[in-house]
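Hello,

Here is the structure I promised to pass on. Have a look at it first, and then read my notes below.

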Amino acid sequence: MEDIKKFSKKAEEHLEAMKAESLRMIQATKDPSVKKAWHNSHLGSLDFAKEMGLISEERRQELYREFSRAIESNNETMKR
């Protein structure tokens, strides 16, 4: 049980780093297809972590919402 908690914590750290990289790349490009690719890639990483049992379905949905809010926040910042 302790190993699963350790793996889950490590997975959360990696997912957070991947989110930051995805947001950075989405912000750095103007090409909508590249933005979409980074967006979908991050969502896929969340799905994969869930399928591997590293995060729960509830946590996956939370992380989806967090990512959507971060993108919206990025978009608002870019408009200013």
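**Where two helices meet**

Leu15, Met18, Lys19, Glu21, Ser22, Met25 and Ile26 of α1 are in contact with Lys35, Trp38, His39, His42, Ser45, Leu46 and Ala49 of α2; contact means heavy atoms within 4.5 Å. Helices here are DSSP runs (H or I, at least four residues), numbered from the N terminus. By type, the residues of this contact are seven nonpolar, four polar and three charged.

The model is a predicted one, where local features need pLDDT of at least 70, side-chain atom pairs count only at pLDDT 80 or more, and totals for chains, interfaces and linings use all residues. Residues are numbered from 1 along each chain as its sequence is written, and side-chain values use heavy atoms, with hydrogens and water left out.

How do the two helices run? The axes of α1 and α2 cross at roughly 170° and come within 8 Å. That makes the pair roughly antiparallel (angles over 145 degrees count as such).

Beyond its neighbours within four places in sequence, Leu15 touches His42, Ser45, Leu46, Ala49, Ile55 and Leu63.

Finally, Phe48 lies in α2 and counts as exposed, at 54% relative accessibility (buried is under 20%, exposed over 50%, partly exposed in between, with a 1.4 Å probe and protein chains only).

Best wishes

Definitions and conventions:
Axes fitted to C-alpha atoms, helices over the stretch in contact; angles between N-to-C directions. Parallel < 35°, antiparallel > 145°, perpendicular 65-115°, else oblique. Nonpolar A, V, L, I, M, F, W, Y, C, P; charged D, E, K, R; others polar.
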